[in-house]
Amino acid sequence: MKRFSKLEFGDNARKRKISPGEAAHDQDYFHDQALRYWLAGDFEGALRNYSRALEQNSAFYAGWLGQVLCLIELGEYAEANVWADKALELFPEHPELLAVKAVALARDGKMEKALAYSDNSISRDNVTARCWLARAEVLLNRKSEIAESCIDKAVSQAGNDIAIIRLEAGRLLNKKGNLSQALQYLQQAVEQSGKSALAWYELGCCQAKLGRAEAAVTLEQSLKLRPGWRLARDALNRSRNRGFWRRLFGR
Amino acid sequence: MQCPRCHFENMPGQSRCFKCGSVLDAKEAAVNVHPPRVAKWKRPFRLTIRWLRRHTKTKRQTQGRHGDTPWDTLPPGAVSGLLLSIIPGLAHLVAGRFSNVRWYCPAWLILLAGAVYLFGSAWGFALLGLAIGIHAWVAFSYSLNKNCTEPSDKITWLFAIIIVLALLYWGVRRTVFADFIWAYTNLTIPSEKIETGDCLLARRTLADVNSIKRGSLVLVSVRTERNVRGLWQRGREIGRMIVQVIALPGEQVTITQDGFGVDGEWLDPNEYPFPQWLRRTRNPVTIAIPDGCYFVSSEYEFRGAAPVWTLIRDACVIRARDIQAQAIMVWFPVHRRRFLRIGQ
């Protein structure tokens, strides 16, 4: 019988082994964990937890959305696109999934497709804040002036997720170089979710780009919340003018 | 069974919502919930392709043209290919033939990185030569390799491209790295683990009053001197030398057989090595450093039997304008390569 002991049959093959003594958690627990990781800027960890939430319940919508968002944050846009399609099979024509697919396409450089998906997402009935944020990102790529009004709409529709939406809006504007507005949103995000290393990091980066002296303090706070974070440490070194290339080429 | 999305009440046993089509109970469906991931080595290529895609789209949008790519507007033939091949493989990438040179471009990058890492040594120059050769072949293979039928034409073109690229690389080195100078030192500083014969990397822009501190290793131009009517005058430059700054303008240096003293404070010989030729000093010598001058030390080799105090005055007190650069790191040997701490 020994040679048959390692054979896998049906769905048992897909189930993750639970080690003895490990507490059984539900999808909400893993979703909360994923959100914590996301706010700490650890997108790999967040993706892992979203996957575990989906292992508990594969019809858990927030898990699919979170996975696509994490893949986008990790720069794997083609994979995010594929995964958004898969999520759309389970939740057809869902506006948020269409919106994150638009973001993945836009970041992958496929602007026309991104615009089409974004159009599709905001033409639905139950448009959420994330749809407007995605719309803003697509329009910012096209240097459209109405992008800012989309961000305003997103913030006004955020509801309970106002801190996350402000953080996302700040990150988006920071990335696109609209630093003064980004600073406002990020400061509000930090006030609302002070334990988020990601919020502090983004605020610190924004302040550093603006040449503000408090950037180093902000980035140190980010490192306190998530010790050893390489991105924050590099940003802190840059803000202190002590990076390798600065030392070599800078004065 | 209620739909989690639209809250429509479905019949029991339904796997999808009758109204919106959402999955109701995915336990039976056995959906794979682990997303696909990209391999790490593919990420740089993805970044490059994405960058190109974005720029292609932007150009098309600004031109207001649809259907054909903006690359179609480039002049056909070898000239455009050669111009684009200033970045190896770019012409092939634009033409959709990158697979023809897919091994050459990483090889060129590796060789170039190796050449920069070993720059200044024979191996560095050898790697740079190979990198230029591969770059030239990539540029040549875009269109000239097929269009030229005569072998002599091929060889002529290939050599012409090699010469142009060599000039281009030389120009890049002269402009981008104009600030840097490599020089060998004849000092041994135990605290910095610098030994005689080490090659130091120095920067020209750091050779100013604010940057030079006690202990800084600086590159000075050594000039011949001649005595004209009792006055010492500067002659032509005969070479460059790495020296260590011992005293700054306005300070007073005392030299005995044991070491240097600056403003009454004795310097640690591990950090400020005392050269052999100064051990000939029998009586202590005290020198006040005038403004615009520095007291420096190095292992000079003197011929003849001039008095030591004369040698000290001529070789150790240098003018600020003779300082050409300040050393920032040990470049060779490679296993001891690092930034300098002393005098920084």
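Predicted model: local features only at pLDDT ≥ 70, side-chain atom pairs only at ≥ 80, totals over all residues.
Let me begin with the interface, where 38 residues of chain B are in contact with 42 residues of chain A, and where the area buried between the two chains is about 3300 Å², with carbon and sulfur atoms giving 53% of it. Across this interface there are four salt bridges, and one of them joins A:Glu76 to B:Arg43, with the closest N and O atoms 2.7 Å apart. On the side of chain B that touches chain A, helix 1 (43–63), strand 2 (199–203) and strand 11 (323–332) of chain B each supply at least two residues, and the largest share, eight residues, comes from helix 1. By kind, the residues on that side of chain B are 17 nonpolar, eight polar and 13 charged.

Now to the rings, for which the structure holds 14 aromatic pairs over all chains. In one of them, the ring centres of A:Trp64 and A:Trp83 are 5.4 Å apart and the planes stand at 35°, so we call the pair tilted. This pair links helix 3 and helix 4 of chain A, with the two residues 19 apart, and both A:Trp64 and A:Trp83 are buried.

What angle do the ring planes of A:Tyr201 and A:Trp229 make? They stand at 50°, with the centres 4.9 Å apart, so this pair is tilted. A:Tyr201 counts as buried at 10% relative accessibility, and A:Trp229 is buried with a relative accessible area of 6%.

Finally, in chain B, ring pairs link B:Phe119, B:Phe125, B:Trp182, B:Trp331 and B:Phe332 into a cluster.

Definitions and conventions
Residues numbered from 1 in each chain as written. Chains lettered and ligands numbered in written order. Heavy atoms only, no water. Contact = heavy atoms within 4.5 Å. Buried area = accessible area lost by both parts, 1.4 Å probe. Salt bridge = Lys/Arg side-chain N within 4 Å of Asp/Glu carboxyl O. Helix = DSSP H or I, 4+ residues; strand = E, 2+ residues; numbered from the N terminus. Nonpolar A, V, L, I, M, F, W, Y, C, P; charged D, E, K, R; others polar. Phe/Tyr/Trp six-rings, centres within 6.5 Å; stacked < 30°, edge-to-face > 60°. Buried < 20%, exposed > 50% of the residue type's maximum accessible area, 1.4 Å probe, protein only.
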